[in-house]
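We will go from stop to stop.

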Amino acid sequence: MAGEPQDDCLFCKIVAGHIPATIVRETDTTVAFQDINPQAPTHVLVIPKVHHRDIAALAAAEPAITADLLREAGEVAAQEKLESYRVVFNTGSGAGQTVWHAHAHVLGGRGLQWPPG
């Protein structure tokens, strides 16, 4: 069920503390941790503690938590002292989503070209 932890979800297991992660920030509604396959010097994932399969589902069901997630992405960038950064949401396998739990990628610490590749 949407919003409830899923037994087969990697990020739900991180939220529950069953899988270790290098956590850089945590609030009542979000967790931010280092990506295990970084694509930039700073690559942090910010996830909601509630389970929704992607950002569109999260935004439709829980707009306040979506706002929390975006606010925390900015806080991560500030904590990491990034002057410029990118926040990315991959939605669907064709866009590169591999974990079916809404999450933002905060990328920075190097030049980020446009359009992204």
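Start by selecting E72. At 7% relative accessibility, E72 counts as buried. Buried means under 20% relative accessible area, exposed means over 50%, and partly exposed lies in between (1.4 Å probe, protein chains only).

Before moving on, note what you are looking at. This is a predicted model, where local features need pLDDT of at least 70 and side-chain atom pairs count only at pLDDT 80 or more, while totals for chains, interfaces and linings use all residues. Residues are numbered from 1 along each chain as its sequence is written, and side-chain values use heavy atoms, with hydrogens and water left out.

**Stop 1: the salt bridges**

A salt bridge is a side-chain nitrogen of Lys or Arg within 4 Å of a carboxyl oxygen of Asp or Glu. E72 lies in helix 3 and R25 in strand 1, so the pair ties together parts that are 47 residues apart in sequence. Helices (H or I, at least four residues) and strands (E, at least two) are DSSP runs, numbered from the N terminus. R25 is partly exposed, at 23% relative accessibility.

How many salt bridges does the structure hold? It holds four. Select K49 and E26 for another one of them: the closest N and O atoms are 2.9 Å apart. This pair also links distant parts of the chain, 23 residues apart. K49 sits in the loop between strand 3 (42-48) and helix 2 (55-61), and E26 is in strand 1. K49 is partly exposed, with 26% relative accessibility.

Now go to D68 and R71. They form a salt bridge with the closest N and O atoms 2.3 Å apart. Both lie in helix 3, three residues apart, about one turn of the helix. Is D68 buried or exposed? D68 is buried, at 16% relative accessibility.

**Stop 2: the hairpin**

Select residues 23-26, which are strand 1. Strands pair if DSSP finds at least two bridges between them. A hairpin of three residues joins strand 1 to strand 2. Find E26 again: it stands opposite V31 in strand 2.

**Stop 3: the rings**

Rings of Phe, Tyr and Trp (its six-membered ring) pair if their centres lie within 6.5 Å; planes under 30 degrees apart count as stacked, over 60 as edge-to-face and the rest as tilted. By this rule there is one aromatic pair. Select F11 and F33: they are edge-to-face, 5.5 Å centre to centre, with 75° between the planes. F11 is buried at 4% relative accessible area, and F33 is buried at 3%.

**Stop 4: two cysteines**

A disulfide is a pair of cysteine sulfur atoms within 2.5 Å. The structure holds zero disulfides. C9 is buried, with a relative accessible area of 5%. C12 is buried too, at 8% relative accessibility.

**Stop 5: the surface**

Show the surface and select L70, Y85 and V87. They make a nonpolar patch of about 240 Å². Patches are made of residues with over 30% relative accessible area and no salt bridge: like charges are joined within 9 Å, nonpolar side chains (Val, Leu, Ile, Met, Phe, Trp, Tyr) within 5 Å. Accessible areas come from the Shrake-Rupley method with a 1.4 Å probe; for residues, only the protein chains shown count as cover. L70 is in helix 3 (residues 63-79). L70 is partly exposed, at 44% relative accessibility.
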